[in-house]
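Visitor: I would like to learn how to read a structure like this one. Please take me through its features step by step.

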Amino acid sequence: MRGPKVPWWQREGVISRVLAVAGVGVTLIGVVMLLVLAAQAGFFGPVPRVAAGAVFSGVLVGLGMRVHGRAGGQVGAIALAATGIAGGYLDIVAMTTMYGWLPPVVGYVVALGIAAGGVGLAMRWRSQALAVLVVLGAALLSPVVTTELALLAFLIVLQIAALPVQLVRDWPYLHVVRTLPAVLATLIAVAAAELGDATRGHRYEVLAAAIAVAAVGVAGSVLAVRRRAGDITASLTFAVATVPLLASPTMFERRTGVLVSAVFAAVLLTVAALPWMSTLAGRVRIPGHLAAVAAVSGAFALLEVCFGATRVQTVPVALYLVALGFLAVGGQQRSRMAAGIAGVFGLIGTLGFLADAGPSTLAHQSYAEAHLGISTALGAVAALAVLAVGFWCARRLGFVERESDATAVMVVGGLAGLYMVTALSVSLGIITGGSDGFLAGHGIATMVWMAAATTALLFGLRRLSRTPQQAKVALAAGLLVTAAALAKLFLFDLATLDGLLRAAAFLVVGVLLLLVGTRYARAFAEAGGRAQPSQPA
């Protein structure tokens, strides 16, 4: 039997750790008050304030190193050292931004040395808590010292300082706290630059910070997964690190924003494709979860390119082309991730296509002539290509191995294909046919519907004896499309089309119906003859 559950506050070491963390926070706040609030109140001079902060930080680090190794002294040593190192970092931030005593580059280098020293001490003591407290304390209180653009640089310095740890230690909490502050601060800077009246130079500086955050995130994640292929935290922090750069194109005009997104998409998709490159896969050793994160982030960047580089009417064409590319990769490499991304692009493209070429637009001549054109025709062609390549990819991935799955895919794909053929016919009619183009397009669409139904029925009749289940699916689909074509012929075309077009539609549909009916009767008669037993002589 289990003993009585011990309350958390009575467990060994819990209270001491809580008190130590609280002490770190309160002491660092005191250091910030010494550097900032005392300056605002006019107490002391700048030199005494900075010198006092530096001396106090040094004393705390010294005490921590002295306490470490003694019985029960590890918690206190970590708290003292973390407070001292973070306080020294804040001192450098104040010297660089508030007082201007250090040039920015020198301030960043010195701050990097202090942070790296703190992380190095944590590695020596094998204490993730020390590294986390150093980075988190400095990151949380640096915005109190300064809110200038230099703040982003100091947070990126903390992100870089903890980077080497990923080579030798599996410290997931450190990777999170070194990434999140830089990401959040850069996102806030991006939003402020977009909404405010920021200069062009300021926007490019924020962009440089976003690039640095993403680059350090990529480097850290790759270093981590090369040693520990199952390090999911490294991949997640990499995903978070890409967010500011994905948001940064909103700060610029369209051309610059598209260029930023395109370059970032190329880099991310290259990282995602590295496991498929035989010459590099063994060297970089990127696991599937990191490749998946890179692929999804790259897809977002590519989505930005599609919306930024095209007009409203041509966005579906761009999205369909991207979906084709991902489907080709998904089928060739048997990658469900690539196929899923293709599905998302295809769905967004279809929603955009239907916004211009919806059922109501296709049914009304004035709407169709106002909204349909070369862009919708190209979109319909691209959509048909996506359907064809998508079915091939589904077969390669094993999604349609069962006959029921194949049937569902064929039915949905066939209906979508017929809709796109209708949109294509009407669009081409409007482009080439003048005032009668809308009517000609609908007449051609009806004939195409019936031709597709005839093809499905003939295919099913030929397969009736060899693959009866597949034949039944084809026959059912053909009969449904035949019914739809006849409904369109009598309910829409009869009332809308002119005399010659109406006669042509009825003639073509009628001849195809006669052909199919004759073939249908002969096929079932032959099947019935084969089923009868032979009579004795």
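Visitor: What should I know before starting?

Guide: This is a predicted model, in which local features need pLDDT of at least 70, side-chain atom pairs count only at pLDDT 80 or more, and totals for chains, interfaces and linings use all residues. Residues are numbered from 1 along each chain as its sequence is written, and side-chain values use heavy atoms, with hydrogens and water left out.

Visitor: How many residues does the largest nonpolar core have?

Guide: First the general idea. In soluble globular proteins, nonpolar side chains tend to be buried together. A nonpolar core is a set of buried Ala, Val, Leu, Ile, Met, Phe, Trp, Tyr and Cys residues joined through side-chain atoms within 4.5 Å. Buried means under 20% relative accessible area, exposed over 50%, and partly exposed in between, with a 1.4 Å probe and protein chains only. Here the largest core has 120 residues. Those with the most contacts inside it are Tyr-89, Leu-130, Leu-158, Leu-174, Phe-326 and Phe-345. Helix 3 (residues 74–97) gives the most to this core, with 12 residues. Helices are DSSP runs (H or I, at least four residues), numbered from the N terminus. Apart from this core lies another, of 10 residues, including Trp-449, Leu-489, Ala-505 and Leu-512.

Visitor: Which residues is Leu-130 in contact with, leaving aside its neighbours within four places in sequence?

Guide: Contact means heavy atoms within 4.5 Å. With neighbours within four places in sequence left aside, Leu-130 touches Ile-78, Ala-81, Ala-82, Gly-118, Leu-121, Ala-122 and Trp-125.

Visitor: Why does Phe-326 count as buried?

Guide: Phe-326 counts as buried because its relative accessibility is 11%. Phe-326 is in helix 15. Beyond four places in sequence, Phe-326 is in contact with Leu-269, Leu-302, Ala-338, Ala-339, Ile-341, Ala-342 and Phe-345. Phe-326 and Phe-345 are 19 residues apart in sequence and 9.1 Å apart in space, C-alpha to C-alpha.

Visitor: How should I read pockets, and what lines the largest pocket?

Guide: Start with the grid. On a 1 Å grid over the protein atoms alone, a pocket is an open set of points with protein on both sides within 12 Å along at least five of seven lines; a cavity is a set where a 1.4 Å probe fits but cannot get out; lining residues have an atom within 4 Å of a point. Grid points are joined across faces, edges and corners, and a volume is the space filled by probe spheres set on the points. The largest pocket holds about 1200 Å³ of space. Of its 43 lining residues, Leu-387, Val-409, Val-412, Gly-413 and Gly-414 are the closest to its centre. Helix 20 gives the most to this lining, with 12 residues.

Visitor: How does the lining of the largest pocket divide by class?

Guide: Ala, Val, Leu, Ile, Met, Phe, Trp, Tyr, Cys and Pro count as nonpolar, Asp, Glu, Lys and Arg as charged, and the others, Gly among them, as polar. The lining of the largest pocket has 34 nonpolar, nine polar and no charged residues.

Visitor: What about the second largest pocket?

Guide: About 390 Å³ of space lies there. Of its 20 lining residues, the closest to the centre are Leu-151, Leu-152, Leu-184, Ala-185 and Ile-188. Helix 8 supplies the largest share of the lining, nine residues. The lining has 17 nonpolar, two polar and one charged.

Visitor: How many cavities of 30 Å³ or more are found?

Guide: One, in a search of the whole structure. Its lining residues are Gln-313, Pro-316, Phe-353, Asp-356, Ser-375 and Thr-376. Helix 16 and helix 19 each give two or more of them.

Visitor: What span does helix 12 reach?

Guide: The expected span is 1.5 Å times one less than the number of residues. Helix 12 (residues 254–273) has 20 residues and reaches 28 Å from its first C-alpha to its last, close to the 28 Å expected. Among its buried residues are Val-260, Phe-264 and Leu-268. Their cover includes helix 9, helix 10, helix 11 and helix 14.
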